[in-house]
Amino acid sequence: MLSLGHLHYVVMTILPVFLVIGLGYLASKNKVIPENGHKVLAAFVFNFGLPAAIFSALSTRPLGEIWNADYLLVYTIGSLLVFVLVAIVSVMTLRKTLTESVVLGLGSSFSNSLLIGFPIIFFLFGAQSLVPFSLTLIVENLIMLPLLLTLADLTNISKGSNFRQKVYETMRGLTKNPIVIAIVLGMLVSALNIDTPETAKRIVEMLANTVSGVALFTIGGGLVGVSVRGHKKEIGTVVVGKLLLHPMMLLILTVLWFDLEPTMAAVAVILASMPMFGVYAVIGQKYDMGGVCAAVLLPTTILAMVTVSVITATAIMIFSLY
């Protein structure tokens, strides 16, 4: 049974995360920062801060400690199952096209691990959370996103999409993705046992230490101007899929099927409970679903204050971490 002690601890840990998101929202709404200033901050986090944190976490650990095939498998299977379930509901119940169903399924199975998940798991578990966090990014960036975007393009070919060109552009984009580069370099340095120069270590550390607050601030800024009018069925489907079904699927798989180290198992469940990734609306625009995808972001982020707290407390209790 979920104890009040676990819940109190988690709420007190997570509350500052959402308060900083709220601060970012108020700062952007009241023009305390320049218009679209949150996009500049997000670019810094994505291109410098998070890659530095990921490289630091991976390059300072033995490769055998980093690579965990079971974690990669459980997170991939859990996310794909949720995607399939939501896509089926979208087609059968909401009467959406295959392309629209793929986009809604993507929103239910792809977490904002970078900007919201990272601060929460780092506050809870410290540096030991960075390895499963990095493995999650491998699943999201190297498996889930290319696969689902390719699937969306495949179902959208009848509207004039050049499928081969889309696949090529997606793959080429991955080779330029700073997160992917950081993961590859970090694992390479670990595998070859390369000693990073002291000056480089300090630079990486300085950049990594900026991530949490700036990342959360940008999330709040991005919510300004979002409208939730209309699309109630689509919003409800994605919200339930993302905030409840995704983490519950990971919890079931980690408890009943895969034997993961407790911290790894808890991080998988907690990251799955996060709202969808911030550029979801941008991706939706490519498939004429920008309005729906943008509308989903605000209620999902607000409701996550409650659902993430409960699910995180439950994971901590089940895996006996506190």
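Let's start with the aromatics: Phe-110, Phe-277 and Tyr-280 form one aromatic cluster. Before I go on, a word on where this comes from: it's a predicted model, where local features need pLDDT of at least 70, side-chain atom pairs count only at pLDDT 80 or more, and totals for chains, interfaces and linings use all residues. Residues are numbered from 1 along each chain as its sequence is written, and side-chain values use heavy atoms, with hydrogens and water left out.

So, how many aromatic pairs does the structure hold? There are 7, where a pair means rings of Phe, Tyr and Trp (its six-membered ring) with centres within 6.5 Å; planes under 30 degrees apart are called stacked, over 60 edge-to-face, and the rest tilted. One of them is Phe-118 with Phe-133, a tilted pair at 5.1 Å centre to centre with 55° between the planes. This pair links distant parts of the chain, with Phe-118 in helix H6 (residues 113-125) and Phe-133 in helix H7 (residues 130-155), 15 residues apart. Helices here are DSSP runs (H or I, at least four residues), numbered from the N terminus.

The cut-offs are under 20% relative accessible area for buried, over 50% for exposed, and partly exposed in between, using a 1.4 Å probe and protein chains only. Then there's Phe-277 with Tyr-280, also a tilted pair: 5.9 Å centre to centre, 50° between the planes. Phe-277 is buried at 7%, and Tyr-280 is buried at 0%.

Phe-133 turns up again in the core. The largest nonpolar core has 99 residues, and Leu-50, Tyr-71, Ile-120 and Phe-133 touch the most other members. By nonpolar core I mean buried Ala, Val, Leu, Ile, Met, Phe, Trp, Tyr and Cys residues joined through side-chain atoms within 4.5 Å. Take Ile-120: leaving out residues up to four places away in sequence, Ile-120 touches Ile-14, Val-17, Ile-270, Met-274 and Val-308, where contact means heavy atoms within 4.5 Å. As background, nonpolar side chains tend to be buried together in soluble globular proteins.

Now the charged residues. Which side chains meet in salt bridges? Lys-96 and Glu-234 do, at 2.6 Å, N to O. Lys-96 sits in the loop between helix H4 (69-92) and helix H5 (98-109), while Glu-234 is in helix H12 (residues 232-256), 138 residues apart. Lys-96 is partly exposed at 22%, whereas Glu-234 is buried at 10%. The structure holds 3 salt bridges, each one a side-chain nitrogen of Lys or Arg within 4 Å of a carboxyl oxygen of Asp or Glu. Another joins Asp-195 and Lys-201 at 3.5 Å, N to O; Asp-195 is exposed at 62%, and Lys-201 is partly exposed at 35%. Arg-202 and Glu-198 also meet in a salt bridge, at 3.9 Å, N to O. Both lie in helix H10 (residues 198-208), 4 residues apart, or about one turn of the helix.

Last stop, helix H9 (residues 178-192), where we find Ser-190. Ser-190 counts as buried because its relative accessibility is 10%. Leu-185 is in helix H9 too, but Leu-185 counts as partly exposed, at 40%. That's my tour, so over to you.

Note on methods. Helix = DSSP H or I, 4+ residues; strand = E, 2+ residues; numbered from the N terminus.
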